[in-house]
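Reader: I would like to learn how to read the features of a model such as this one. Please take them in turn, with the general idea before the case.

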Amino acid sequence: MKPYMGENIYIRFIKESDAYSLLSLFQRNQDFFNQHSPVKKDYSDYTLKKQRNIIRKWQKEREADKLYSFGIFLIETQELIGHISLRAVKRGPLQSCEIGYVLDQHHNGKGYMTEAIRLVVDFAFFELQLHRIVAEVMPANIGSIRALEKAGFKREGIARKLLLMDGEWEDHVVLSILPDDLAH
């Protein structure tokens with residue numbers, strides 16, 4: 001697959017050659033990413049070997065049409081600055097998936113995630129022929145909600161006590177996008 005190009009960033013499938021950059025991204029942003037993650041990860045004991053195994057697993061899941069994992073790269077420097085995925089792909093009458101993503105904290109607030117979301121939405125609708133993409137976000141994660149809404153996602157409501165986070169069941173804002181919602 002050729003990269004999906006935006007104005008400032010592009011996305012492409014994560015490859016084994018990205019293992020070091022991806023590991024570095026997660027290690028330097030561990031505390032930041034764990035703020036909004038139900039599963040707290042400790043990347044200090046990760047190795048390149050473990051990261052390559054994860055990437056191989058993602059490749060197998062892509063081949064099985066279950067998960068599509070992309071790197072987010074700056075066009076200007078080719079630097080890996082984030083990760084975005086379409087997961088829990090469901091076929092049959094649903095034709096849907098969930099979206100998840102992280103962006104290096106030093107690149108927040110620049111519109112890169114909105115751009116990446118738009119690109120992965122295009123991939124989902126035009127390449128995978130999906131009908132619906134769902135996002136579930138903690139209400140306090142205003143930046144993430146804003147990025148999704150700028151990319152065309154619509155709020156559907158609140159999923160009450162959806163995920164166990166730090167020992168507490170947390171509500172999440174549910175947003176979705178359909179092909180009819182695309183503004184381009």
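Reader: What should I know about the model and the numbering?

Author: The model is predicted: local features need pLDDT of at least 70, side-chain atom pairs count only at pLDDT 80 or more, and totals for chains, interfaces and linings use all residues. Residues are numbered from 1 along each chain as its sequence is written, and side-chain values use heavy atoms, with hydrogens and water left out.

Reader: How do I read a sheet, and what is the strand order here?

Author: Strands of a sheet pair through backbone hydrogen bonds, either parallel or antiparallel. Helices (H or I, at least four residues) and strands (E, at least two) are DSSP runs, numbered from the N terminus. Two strands count as paired if DSSP finds at least two bridges between them. Here 8 strands form an open sheet with mixed pairing, in the order 1-2-3-4-5-6-8-7. Its edge strands, each pairing on one side only, are strand 1 (4–5) and strand 7 (154–165).

Reader: Which residue of strand 5 is the bridge partner of lysine 90?

Author: Serine 96 is that partner. Strand 4 (residues 80–90) and strand 5 (residues 96–103) pair in the antiparallel sense over 7 bridges. Helix 1 (residues 19–28) packs on the sheet and touches strand 4 and strand 5, where contact means heavy atoms within 4.5 Å. The direction of helix 1 makes about 95 degrees with that of strand 4; axes are lines fitted to C-alpha atoms, for helices over the stretch in contact, and angles run from 0 to 180 degrees between N-to-C directions.

Reader: How many bridges join strand 7 to strand 8?

Author: There are 8 bridges, and the two strands run antiparallel. Alanine 159 has histidine 172 of strand 8 as its bridge partner. The hairpin of strand 7 and strand 8 has 2 residues between the strands, and aspartate 166 takes a positive phi near 50 degrees in this hairpin. Strand 8 (residues 168–177) is also joined to strand 6 (residues 132–137) by 5 bridges, again antiparallel. Glutamate 136 has valine 174 as its bridge partner in strand 8.

Reader: Is serine 69 buried or exposed?

Author: Buried means under 20% relative accessible area, exposed over 50%, and partly exposed in between (1.4 Å probe, protein chains only). Serine 69, in strand 3 (residues 68–74), counts as buried because its relative accessibility is 4%. Its side chain makes a polar contact of 2.5 Å with the side chain of histidine 83. A polar contact is a pair of N or O atoms within 3.5 Å; within protein, one must be able to donate a hydrogen and the other to accept it, and residues adjacent in sequence count only if both atoms are side-chain atoms.

Reader: And why does proline 3 count as partly exposed?

Author: Proline 3 counts as partly exposed because its relative accessibility is 31%. This residue lies in the segment before strand 1. Not counting residues up to four places away in sequence, proline 3 touches Tyr10, Ile11 and Arg12.

Reader: How do helix 4 and helix 5 lie to each other?

Author: Angles under 35 degrees count as roughly parallel, over 145 as roughly antiparallel, 65 to 115 as roughly perpendicular and the rest as oblique. Helix 4 (residues 112–127) and helix 5 (residues 142–150) pack at about 45 degrees, with their axes 8 Å apart, and are therefore oblique to each other.

Reader: Where is alanine 140?

Author: Alanine 140 is in the loop between strand 6 and helix 5. At 64% relative accessibility, alanine 140 counts as exposed.
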